[in-house]
Amino acid sequence: MAKAEDLILGVDIGGTKVAAALINSCGKILSSSRTPMVARKSAEEGLRSVVSAIDRVMLCRLAKNVRVIGVSAPGWIDSANGVVLKTTNLPCWQNFPLAHEIESRYGLPTRLANDANAAALAEAKWGAGVGHESVFYVSLGTGLGTGLVLRHRLYLGSTGNAGEGGHVTINFRGPACPCGKRGCVEMYVSGTAITRRTRERLREHSKQKSQILELSQGRLGSITSEMVAEAASAGDPLAVNILRETAEYFAIWLGNIINLFDPEIIVLGGGLSHLMMSLLDSVRNYLDTWTVQIRRELVPIVAAFHGADSALVGAAALCIPNLNSRIQPRTAKL
């Protein structure tokens with residue numbers, strides 16, 4: 001009888017949901033579950049949401065083959081010690097030893113990383129970045145996150161917090177960002193940014209007719225980036241202009257990234273990636289102005305292979321070096 005395959009339990013924590021899955025050593029999801037995340041109450045209630053998602057997956061008969069747990073979460077993460085330092089989307093946790101808490105419940109070594117970093121690793125190891133020495137990953141959604149993989153390893157910097165590309169300032173007089181700075185690219189290129197600018201324009205021009213208002217039934221507070229994209233595809237002038245601006249803001253920032261890193265490939269993931277991919281011709285045109293890299297056209301910009309599951313699969317990718325090792329669960333250091 002063939003030996004059962006060792007598996008990884010991957011967990012991806014967001015502001016509204018927790019996804020958990022059994023994942024094999026090739027990055028294939030075998031069984032998965034999603035539960036709501038309680039992000040704005042106590043630390044213990046937030047942890048219970050994560051435990052609930054894990055417990056549901058552990059009911060699968062294959063779960064007996066799980067040898068290690070990988071976890072991805074947004075915000076500033078101390079991966080070396082498994083601690084969530086601070087995250088806007090998960091206010092329930094600050095300096096919270098998440099990896100230690102999970103290890104103490106399941107007796108399995110647990111690895112923790114920022115979600116965009118984890119997604120970058122998944123795409124480099126098992127996705128669109130396979131075969132490339134340097135992979136720059138961009139997660140576009142409610143916010144903007146990034147991760148950089150060099151020679152098949154995550155680049156985390158001297159303190160472990162490299163990769164905060166969403167908080168690179170592109171306009172020092174721009175709107176205040178929740179991070180405390182002004183004019184971060186996240187304030188211009190994200191689902192939140194698109195809806196904010198759209199609402200502002202409609203308030204400024206209250207008599208302007210727009211299909212966006214029809215889609216939102218006249219409620220500015222109900223406008224979403226998906227509505228803006230739908231209106232733009234139908235030729236709505238306001239929506240077209242908003243997305244044109246978004247493409248240029250993205251190109252301003254991406255031009256700096258290309259100038260600095262000259263990556264072999266740029267991978268776009270997250271819930272808004274399909275929209276940015278539809279604007280790619282415009283982004284490329286704007287890059288002619290916003291990068292000095294004379295061979296910029298040789299840097300491919302592609303969609304993530306794992307789509308919305310990149311961070312979940314990436315949680316498993318964090319654990320591959322340890323899958324067959326006999327390491328002991330860590331003691332968290334605060």
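In which sense do E8 and strand E11 pair, and over how many bridges? The legends below take up this point and others. The structure is a predicted model, in which local features need pLDDT of at least 70, side-chain atom pairs count only at pLDDT 80 or more, and totals for chains, interfaces and linings use all residues. Residues are numbered from 1 along each chain as its sequence is written, and side-chain values use heavy atoms, with hydrogens and water left out.

View 1. Strand E8 spans residues 134–140; strands (E, at least two residues) and helices (H or I, at least four) are DSSP runs, numbered from the N terminus. Of the 7 residues in E8, 6 are buried, that is, under 20% relative accessible area with a 1.4 Å probe, protein chains only. Two strands pair if DSSP finds at least two bridges between them. E8 pairs with E11 (residues 265–269) in the parallel sense, over 5 bridges. With E9 (residues 144–150), E8 runs antiparallel, joined by 7 bridges, and 3 residues lie between E8 and E9 in their hairpin. Val135 stands opposite Val149 in E9 and has Ile265 as its bridge partner in E11.

**View 2. The crossing of helices H7 and H9.** The axes of H7 (residues 237–261) and H9 (residues 280–290) come within 8 Å and cross at roughly 50°. Axes are lines fitted to C-alpha atoms, for helices over the stretch in contact, and angles run from 0 to 180 degrees between N-to-C directions. H7 is therefore oblique to H9, as angles under 35 degrees count as roughly parallel, over 145 as roughly antiparallel, 65 to 115 as roughly perpendicular and the rest as oblique. The contact (heavy atoms within 4.5 Å) involves residues including Phe250 and Leu254 of H7 and Tyr286 and Trp290 of H9.

**View 3. An open sheet of 5 strands.** The strands follow the order E3-E2-E1-E4-E7, with mixed pairing. Strand E3 (29–36) and strand E7 (110–114) are the edge strands, each pairing on one side only. On average, neighbouring strands of this sheet are turned by 15° against each other, direction ignored. Strand E4 (residues 66–73) and E7 run parallel and are joined by 5 bridges; Val71 stands opposite Leu112 in E7.

**View 4. Helices H1 and H10 on the sheet.** Helix H1 (residues 43–58) packs on the sheet and touches E1 (7–13), E2 (17–23) and E3. The direction of H1 makes about 145° with that of E3. Helix H10 (residues 310–317) lies across E1, E2, E3 and E4, running at about 135° to E1.

Key
Buried < 20%, exposed > 50% of the residue type's maximum accessible area, 1.4 Å probe, protein only.
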